[in-house]
Amino acid sequence: MARSRYPRVVRAPRVAPPAVRPGRQGGVNQDWAAVDAAFESWLDEPDETLTMALADAVAAGMPGINVTPMQGKLLHLLAVSLRATRILEFGTLAGYSTIWLARGLADGGRLTTLEREPSYAEVARANLARAGVGDRVDVVVGAAAQSLPSLDAETFDLTFIDADKVSTPLYFDWAVAHPRSGGMVVVDNVVRGGAVVDDSGADANVEGIRQFMAAAGRDPRVSVTAIQTVGAKGYDGFALAVVG
Ligand code: SAH
Ligand code: DHB
Ligand code: MG
């Protein structure tokens, strides 16, 4: 029998999609993980520096909340399409999403990423250097809201908001006030396993996302959509805003 042209995908036995929404942590249906693995095998060149960045994140005891490879590639493609020369990121962790974004910068472009935890920033700097983008990225340590005044004179082609969810409304408002024409703002984790529709007010992170969504929809400066996603990281989603 002729060999398939396609990489063989090791597939878990089929499981029915959950009848009720998965847990708040975004339980991972095995099909979602298998499909993400297949997408990666078809669409993504294995990259040692990205793999090592994640390994070092684990070694440093960081939570595994980085974007997935396919989400990282979406961020990369947005940066490329925008011919971005200025990118801002809220929430660096080990610099995994940062590497994807920085590799999408146009020649001479620069990325600033804001991280509260000094030890995370240190790991991220090493990962960024190993990935060959250390010279294009400034990792700014401190609570993001405190770092923003130093960036007040700047404008950004692309902003990725992925830090504490409580402050998402504030970060989004700042990003939209520092736009480039046609610039984009991407906001991660707007679904959180379906928790976004929980209006009990019990979870401050969920409240932050709900406030952001409602404000974004009323904001005349932007046009916004939100997309639910499933995959290796469970059930979540992102919002995408175009400025102007
Ligand atoms: N963008 C990363 C994941 C970020 S996880 C990736 O996809 O690879 C969220 C990060 O935000 C964590 O590293 C956390 O320390 C940081 N963070 C949380 N609150 C913050 C704040 N107030 N200011 C800046 N960073 C913050
Ligand atoms: C969490 C944060 C994230 O940025 C993410 O993508 C997933 C989970 C969290 O804080 O639980
Ligand atoms: Mg996130």
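A backbone N or O atom of Arg 116 lies 3.1 Å from a nitrogen atom of ligand 1. The structure is a predicted model. Taken alone, ligand 1 exposes 580 Å², and the protein buries 93% of that area.

**Polar contacts of ligand 1**

- At Gly 91, a polar backbone atom is 2.9 Å from a nitrogen atom of the ligand.
- At Ala 144, a polar backbone atom lies 2.8 Å from a nitrogen atom of ligand 1.

**Shell around ligand 1**

- Two or more residues of the shell come from each of α4 (96-102) and β2 (110-115).
- There are 22 residues around ligand 1, of which Val 67, Ser 97, Glu 115, Ala 144 and Asp 162 come nearest.
- By class, the shell holds eleven nonpolar, five polar and six charged residues.

**Helices α7 and α8**

- Helix α7 spans residues 168-176 and helix α8 spans residues 204-218.
- The axes of the two helices come within 8 Å and cross at roughly 35 degrees.
- On the α7 side, the contact is made by Thr 168, Pro 169 and Phe 172.
- On the α8 side, these residues meet Gly 208, Ile 209, Gln 211, Phe 212 and Ala 216.
- The contact of α7 with α8 has five nonpolar and three polar residues, with no charged residues.

How values were computed
Residues numbered from 1 in each chain as written. Chains lettered and ligands numbered in written order. Predicted model: local features only at pLDDT ≥ 70, side-chain atom pairs only at ≥ 80, totals over all residues. Heavy atoms only, no water. Axes fitted to C-alpha atoms, helices over the stretch in contact; angles between N-to-C directions. Helix = DSSP H or I, 4+ residues; strand = E, 2+ residues; numbered from the N terminus. Contact = heavy atoms within 4.5 Å. Nonpolar A, V, L, I, M, F, W, Y, C, P; charged D, E, K, R; others polar. Near = heavy atom within 4 Å. Polar contact = N/O pair within 3.5 Å; in protein donor to acceptor, adjacent residues only side chain to side chain. Areas by Shrake-Rupley, 256 points an atom, 1.4 Å probe, with all protein chains shown as cover.
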